[in-house]
Amino acid sequence: MKKTVFLVLAMAMVFTACEDDDIRNADIPSVVLNGFTEQFSNATGVEWEKKADLYEAEFEIEKVDYEAILSSDGTIVKYKYDVSYEALPEAVQASITADYDKTNIDEIELIQISETSYYQVEFDAEPNDNKIIFEESGQVTTEITTW
């Protein structure tokens, strides 16, 4: 019994230690926070992670999930947010209808990189889901990595 309790406690500590990669706002450089709030002034529930020399923020705006990646100088590298199928450009919808099973769509996100918008569509598939990125023209692109 003691071994079981110890094992359960040890596993809980391991999962707790691995689960929380978030960093506090106080640990984010002010230039990064300023760059973030300049673009996303009405963000709520902001959680930060540091990945290499980049900062990733997960947050909500008006109940829509967003993620943003910022450089250490506060520049927004890219960001994405959830969108509906109906919000996709007609060319992207036509491409999905022609080449994919619309009923297998799990998630759709608009990815903004500089002034260019891309649409990341996640399709349910076995054994792993499949993410496809479309340009506004409806063309599939492999130049942008899925995120």
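Student: Where is Lys 63 found?
Tutor: Lys 63 is found in the loop between strand E2 (54-61) and strand E3 (64-71). Strands are DSSP runs of E with at least two residues, helices are runs of H or I with at least four, and both are numbered from the N terminus.

Student: What should I know about the model and the numbering?
Tutor: This is a predicted model: local features need pLDDT of at least 70, side-chain atom pairs count only at pLDDT 80 or more, and totals for chains, interfaces and linings use all residues. Residues are numbered from 1 along each chain as its sequence is written, and side-chain values use heavy atoms, with hydrogens and water left out.

Student: Back to Lys 63. Is it buried or exposed?
Tutor: Lys 63 is exposed, because its relative accessible area is 79%. Exposed means over 50%, buried under 20%, and partly exposed in between (1.4 Å probe, protein chains only).

Student: What about the phi of Lys 63?
Tutor: Lys 63 has a positive phi of about 65°, although it is not a glycine. Ser 114 also is not a glycine and has a positive phi, of about 55°.

Student: Where does Ser 114 lie?
Tutor: Ser 114 lies in the loop between strand E5 (105-113) and E6.

Student: Why does Ser 114 count as exposed?
Tutor: Ser 114 counts as exposed because its relative accessibility is 62%.

Student: New topic. Which residues does a cis peptide bond join?
Tutor: The cis peptide bond joins Glu 126 and Pro 127, with omega about 0°. Pro 127 is in the loop between strand E6 (116-123) and strand E7 (130-135).

Student: And Val 140, where is that found?
Tutor: Val 140 is found in strand E8 (residues 140-141). Val 140 is partly exposed, because its relative accessible area is 41%.

Student: Which residues does Val 140 touch, not counting those up to four places away in sequence?
Tutor: Val 140 touches Tyr 100, Ile 132, Ile 133 and Phe 134. Contact means heavy atoms within 4.5 Å.

Student: How far apart are the C-alpha atoms of Val 140 and Ile 96?
Tutor: They are separated by 9.9 Å, and the two residues are 44 residues apart along the chain.

Student: Now the whole chain. How many helices and strands are there?
Tutor: The protein chain has 3 helices and 8 strands. From the N terminus on, the order is α-α-β-β-β-β-α-β-β-β-β.

Student: What share of the residues is buried?
Tutor: Buried residues make up 34% of the 147 residues.
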